[in-house]
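Here's a quick briefing for anyone meeting this protein for the first time. Have a look at the sequence and the fold, then read on.

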Amino acid sequence: MYYCENCKLLCHETVCGECGKSDLRPPLNEDFCYFTECSEDQAKMLKEALKSEDIPCALIPSGSGVRSALGLTLENMKVYLPYGFLDRGQELFDGIFLPPLDETEELKALLLENQESWHVTGFFASRSIRRKLGIPKDHDLAPTLRPLVQSATNIRDEGLISSSVVGGHYLIVKGEKYDLTFDSVSFELLHVKKK
Ligand SMILES: [Zn+2]
């Protein structure tokens, strides 16, 4: 595991999938890492839960420039946790926000109905996602992704994507080997976390 100081992201390779920075170093326990993006209310609840265990966190408003310029309230927060507390943070998050099973089944059906729209964009991001999943360039994503979505035991809606002009939400598909993040409107595969 490596850490990009620019993006505050954990990477599986020594090159950052987001910004392309190379020669990444391994993470230290105190490195603040991107944990999740959620609504302001959810972020506050999570912060309280973390505070009760003396776990520090950083909340950064996440809004598009357009919305900020219009003076609208920023609805989403990006949450950062120290590397050493990511696992505990996930347990607390799941404890508060884990959806009932029917939400998983509903979101699974939505994703599978739209599998023809599954895609990746961005040079660094698509290269990194394809590499993680072992899908060669120009090959269709669906044959590899379909079983991962079908076998997922937990799919949840993590709120509005602030950069999405059409109101897409983050759909997180939790699987045995991978966590996948989809846009609920464009069905772009935004992120893959290998376990
Ligand atoms: Zn980076």
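Among the elements of the protein, helix 2 (residues 65–69) has the lowest mean pLDDT, 52, while strand 1 (residues 2–4) has the highest, 96. That score, pLDDT, is the predictor's confidence in each residue, from 0 to 100. This is a predicted model, where local features need pLDDT of at least 70, side-chain atom pairs count only at pLDDT 80 or more, and totals for chains, interfaces and linings use all residues. Residues are numbered from 1 along each chain as its sequence is written. Across the protein, pLDDT averages 89, and 92% of the residues score at least 70.

- Helices (H or I, at least four residues) and strands (E, at least two) are DSSP runs, numbered from the N terminus.
- Three strands make an open sheet in the order 3-5-4, with antiparallel pairing; two strands pair if DSSP finds at least two bridges between them.
- On the edges sit strand 3 (32–39) and strand 4 (58–62), each of which pairs on one side only.
- From one strand to the next, the twist averages 30°; axes are lines fitted to C-alpha atoms, for helices over the stretch in contact, and angles run from 0 to 180 degrees between N-to-C directions.
- Seven bridges link strand 3 with strand 5 (residues 76–82) in the antiparallel sense; Thr36 stands opposite Val79, and Cys33 stands opposite Leu81.
- Strand 4 and strand 5 are also an antiparallel pair, with five bridges, and here Leu59 has Val79 as its bridge partner.

**Helices across that sheet**

- Helix 1 (residues 40–51) lies across strand 3, strand 4 and strand 5, and runs at about 130° to strand 3.
- Helix 3 (residues 86–97) lies across strand 3 and strand 5, at about 15° to strand 3.

**Strands 6, 7 and 8**

- Strand 6 (residues 154–160) pairs with strand 7 (residues 169–174) in the antiparallel sense over five bridges, with Leu160 partnered by His169.
- Strand 7 is also joined by five bridges to strand 8 (residues 178–183), again running antiparallel.
- Within that pairing, Ile172 stands opposite Thr181.
- How many residues does the hairpin from strand 7 to strand 8 pass through? Three residues make that link.

**A closer look at Phe182**

- Phe182 is found in strand 8.
- Phe182 counts as buried because it has 26 C-beta neighbours inside 10 Å; the cut-offs are 20 or more other C-beta atoms within 10 Å for buried, 12 or fewer for exposed, and partly exposed in between, with C-beta atoms placed from the backbone.
- Leaving aside neighbours within four places in sequence, Phe182 is in contact with residues including Leu111, Leu171, Val173 and Phe187; contact means that the C-beta atoms, placed from the backbone, lie within 7 Å.
- Phe182 and Gln42 are 140 residues apart along the chain, and their C-alpha atoms are separated by 20 Å.

- Domain 1 puts 14 residues into the contact and domain 2 puts in eleven.
- On the side of domain 1 that touches domain 2, strand 3 supplies the largest share, four residues.
- That side of domain 1 divides into one nonpolar, ten polar and three charged residues. Here Ala, Val, Leu, Ile, Met, Phe, Trp, Tyr, Cys and Pro count as nonpolar, Asp, Glu, Lys and Arg as charged, and the others, Gly among them, as polar.

Terms used. Two residues are in contact if their C-beta atoms, placed from the backbone, lie within 7 Å.
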